[in-house]
Amino acid sequence: MATKSHVVIFELVLSILATATIGGIVGGSQPIENPNDPAVVEIAKFAVAEHNKKAKAALEFVKVVKGEILAVVGTHYKLVISAKDTNATRNYEAVVYERPWDKVLKLISFK
């Protein structure tokens with residue numbers, strides 16, 4: 001039983017530390033100041049690649065237009081991504097969940 005409580009406390013501490021590194025408040029949404037930040041671009045490219053796998057699509061990442069982060073146990077990235085299809089470039093909204101301490105990166109939605 002003590003081990004489970006230690007794990008919960010450890011996850012809480014990691015969550016707070018992860019939040020501190022991105023300058024947010026747990027449960028509070030913050031705009032992404034630099035959409036060209038390499039970490040944000042990497043997450044956006046992941047979102048496009050995952051969408052392509054799931055939808056059997058062929059979108060090409062162009063850029064991150066804007067976004068916001070929501071710090072919870074991990075981080076939710078809500079991004080507006082510009083991506084090119086065969087005929088046109090459109091904006092898509094993607095939500096990606098990240099928990100870097102245990103290497104979790106998951107596409108929640110892409111539309």
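# A tour of helix H2 and its sheet

Select helix H2, residues 38–55: H2 lies across S2, S3, S4 and S5, at about 65 degrees to S5. Helices (H or I, at least four residues) and strands (E, at least two) are DSSP runs, numbered from the N terminus. Axes are lines fitted to C-alpha atoms, for helices over the stretch in contact, and angles run from 0 to 180 degrees between N-to-C directions. The model is predicted, so local features need pLDDT of at least 70 and side-chain atom pairs count only at pLDDT 80 or more, while totals for chains, interfaces and linings use all residues. Residues are numbered from 1 along each chain as its sequence is written, and side-chain values use heavy atoms, with hydrogens and water left out.

**Color by confidence.** pLDDT is the predictor's confidence in each residue, from 0 to 100. The protein has a mean of 83, and 76% of its residues reach 70 or more. H2 has the highest confidence, at 96, and helix H1 (residues 2–22) the lowest, at a mean of 48. Treat residues 12–25 separately: pLDDT stays under 50 there.

**Show the sheet.** The 5 strands form an open sheet in the order S1-S2-S3-S4-S5, with antiparallel pairing. Strands pair if DSSP finds at least two bridges between them. S1 (29–31) and S5 stand at the edges with a single partner strand each, so one side of each lacks a neighbour in the sheet. The twist averages 30 degrees from one strand to the next.

**Select S2 and S3.** Residues 60–72 and 74–84 run antiparallel, joined by 11 bridges. Find Ile69 opposite Tyr77.

**Move to S4 and S5.** Here 6 bridges join residues 89–99 to residues 104–110. Val96 stands opposite Leu107. Now click Lys103: in this hairpin, with 4 residues between the strands, Lys103 takes a positive phi near 55 degrees.

**Go inside.** The largest nonpolar core has 19 residues; Ala47, Leu79, Ile81, Leu107 and Phe110 have the most contacts inside it. Such a core is a set of buried Ala, Val, Leu, Ile, Met, Phe, Trp, Tyr and Cys residues joined through side-chain atoms within 4.5 Å. H2 gives the largest share, 6 residues.

**Finish at His51.** This residue is in helix H2. Is His51 buried or exposed? His51 counts as buried, at 18% relative accessibility. Buried means under 20% relative accessible area, exposed over 50%, partly exposed in between (1.4 Å probe, protein chains only). Beyond four places in sequence, His51 touches Lys56, Ala57, Leu59, Leu107 and Phe110. Contact means heavy atoms within 4.5 Å.
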